[in-house]
Amino acid sequence: MMNHGLKMIRLTANTPTKQFFIMRATTLVLIFFLSLASGRNAYAQWINISPNNSDFCTNTSITYTSGPPAPGNDIMWEYGDYSNYASLGIEQVFTLGYGTVLNMNSYPMTNCPGGTIRAIEIDALGNYIQASVVHLLSSVGNLTIPVVAGTFFGSCYSLSVPPCFDPNSTIPWGTPRWAMWYKNGVATGETSYLLSGPLSDSAWYQYKTVLTCGDTLRTDPYYFWQPSNPVITAQGPTTFCTGDTLLIQGSSAITIDRWTKNGITISGSSGKTSIKVTESGTYVMVGKTSSGSGGYCYRNSNAVLVTVNPGAFITSPVSVACNGDSIQLSCTSAPSYVWKRNGVAMAGAVSQSIWVKQSGTYQVNTSGLTCNSSPSKQITFYANPTVSLNPAGTLTLCEGSAESLTASGNNISGYQWYRNGTALPGGDTPALYITKAGKYKCVVSNLIGCTKTSSNVTVSNASTASLPARTLVLQPDTSGIDAYITCAFGNFGNNFGGAPTIEVSNWYKHFRTAERGYLKFDLSALPPNSPLVSASLRLWVDTVNEINPTLYPPNSLFFKRNTQNWTESNVTWNSSIDSTDFQCSSVACSTLSSKSYLNLSILNLVRHWSYVPSQHFGMLLHLDELKRQTWIRLASSDDAIAAHRPKLTLEYYFADIIAGGSTALCSGGSVTFSTNSGPYTYQWLRNGQVIAGASASSYTATVAGDYQVILTAASGCSVTSVAKTVTVNAPPAVSISPAGAATFCQGSTLLISADSLPGYSFQWRKNNVNIAGAVFSTYTVSQSGTYSVVVTSPCGVTSTASVVCTKINNPAASISAGGPTTFCAGQSVVLTANAFAGVTYQWRRNGIDLAGATAQSYTATLAGNYTVRESANGCSKTSNAISVVVNCREGDFGAPANQTRVGPVPAAGAVRLELEGDFSRSGVRFELLDLHGRALQMLPATGNTTILYRGDLAAGIYLLRTFVDGNMVDEDKLIFTQD
């Protein structure tokens, strides 16, 4: 939207030297130049200009004179040209000369017959002291007046011409020239330069004005198109009985905004193409079109009048209930009533209200009303749920273990578990794994929320302190699984799994609304169902920041159990993973400090994963978004300092099972297993079944199977070992790695291997021929062929496995330059790689992959050593290097990234815009936009530092763009906080 209001603008000239120069485009001005020296009224004529009636007609000339300036000052003459009004809605200012006399012997305008002449008094430093303005219209050149359509002063659908053509712009004031707007050739009676709207229909418009010399200026005929109003139609009779409905369908060529009833907006009707109505009233659809300034222009449809006649109608507080409950049905007041259920009259049901306890379709017939037969009312009673818990009664929970409680029953749609009377966050599943003592119950509900509470299960703790314990330390290298996600601008789909940090925030740090972290450890070294004594997580806190700490309550860093799987290479804000508060851990942010370690127990999380490995999806790190604004940076597994990487220390109870010899037995052989000695009882298992009488600390196995031992302390708590497998006279289990088929590249070899067990012998073959000396469990392949291995067990039983190995020839990679490799900034050289079938390319600069550079050729513009990695059939080779040197600078200024420094961020009021680099500021301007891309402010640079004032902008995020000579060279973001 163009603003035709009065604006006061100060233009700073480069020098006060008397020369002709073009000044930058400025915002449309009627009267301007505030007197800086005296503070006098900017809208007064402080410099007398003669003549002050400045119509400039054919074969005429004008000599302007001004009053004398103060001693040492000068008069500068300027002309405001409106030739670009129709396209940009602004004027462009030209300096015409200096002195008290200005001779206008030729028409100065280019494409517009109107503009402004300004006499400006300036001091010796070029500062503006005072100014006067006269409007200059001319019929020279038979030019037409520009016209533009838009919205002005909040009015929709308007037309305007430059304000200098307004009949009241004639100087002296009070002697207006003739002007008129025409619609389809007929005078409208409107004479102002602004034909304010709304203009309701499409038509041809033209504006004319007559100069004092009698010549007429005019616009070209302008066709102003308007969209048609929305149309709505009733899809049935508009007069009906209470309880019935009417569908009103809308059709519109413009966006549907809302519906109204009797002029009042209908809640929830925004954007709907149709509505169902049940009440009397006048209904209208409202459409909207953009006003071009962030607002909308509205158009109303035709009206539909609806009349609802009184009649029998059934009301009830609810239409569903649980078995055993009652529902009251009431009818419109009438002389008499007959109630029916499923079409059959109900005995004695002849009052205005009745109570019912059965499902069915209810109806009532009345007398004395316009509509005596009511619409049907469906009433449904639902079966109540039932629930029981397993195990029931009491449960002993050994220290460090987890136990499962399961709720089951009939007519159940929802679950909620309670511990000691408090609902468990995330406890909404049929099964609950518990890690703490207490009284547990489950409240189940059916489809409509009828509930049933189970009996309590009392869980008590039992000590396992006498069982053997072991410590497991997990601190992975860069293979660790961690990532963070962000809703920063443009980053909703980005993955930060390779970042050296995990970032967590709930405020606009680096313009990110929020950041969340993910962390997962490989627990495969922890035997399943291991009772845990402790689980301590240690993280390196690189940075902790808070803003406005006194305005909000303290925050905590939460560690929640994820309920979905993820990988660090694909988790993003758009694909974020669900989590649960159940078994959550947290640490107060007030206890964290930068450059220190965070230590936290996550015992309940790890216990759950130990007993339910299928649900080990790691944890979510996040902050409460309604608490103190906080930003935390933690070291990830990709941190360069190994000691800073995430570390998990576990202490758990275990049972050893140690084989006294080979578990691959020959017929008649045996192997003795032993376990931990101590104040325990023992029970040995084979294939999960108790071995009768096997209750010593050792057991001799002679039969094939999977063997385990259970250690039980005096408290009754126990731990089960991992299984050991015994085979008897079994063929060796041979598996070759790699299996099936394998390839390797020319110039390299391939290591193939078979499982190695004590007492086994090996013989490798190529194409079924023994390879001399190849009698170990591994063999290095250098030629193509089919390789097999014969494995013989100590019992003399053999097995064979094979793999097909193929050597791939990959031609050498090379690159060449298409021109000189030493040049100036702004120039380039094309580098080209050799080609062959199936090849892919990855160009590198100084050993670092260039993003997206995967074509055969690459255009180098920066200095560095360039190579290409060529790959085909799984083999890769790196080419020779070509060094590119950039040793000079030529061409126009090209602004690098981040050329504008913005501060403070966030800000409550004004913002400083500081430019870096050595270049002329005359070609630099800034634009402020909202997040929808709508321009809000445009201002030129005023030297190295420019102040951007907030004005009446609301709190929020905005975009700042920097332009040099019309080209955008930088984009930053601003944040304005609440005042």
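Cys450 has a relative accessibility of 9% and therefore counts as buried, where buried means under 20% relative accessible area, exposed over 50% and partly exposed in between, with a 1.4 Å probe and protein chains only. Its partner Cys322 is also buried, at 7%, and the two are joined by a disulfide with an S to S distance of 1.0 Å, a disulfide being a pair of cysteine sulfur atoms within 2.5 Å. Because Cys322 lies in strand β27 (residues 320–322) and Cys450 in the loop between β40 (438–445) and β41 (451–453), the pair ties together parts that are 128 residues apart in sequence; strands (E, at least two residues) and helices (H or I, at least four) are DSSP runs numbered from the N terminus.

This is a predicted model, in which local features need pLDDT of at least 70 and side-chain atom pairs count only at pLDDT 80 or more, while totals for chains, interfaces and linings use all residues. Residues are numbered from 1 along each chain as its sequence is written, and side-chain values use heavy atoms, with hydrogens and water left out.

The search of the whole structure finds five disulfides, among them these:

| Pair | S to S distance | S-S torsion |
|---|---|---|
| Cys322–Cys450 | 1.0 Å | -125 degrees |
| Cys666–Cys795 | 1.7 Å | about -110 degrees |
| Cys745–Cys875 | 1.9 Å | about -105 degrees |
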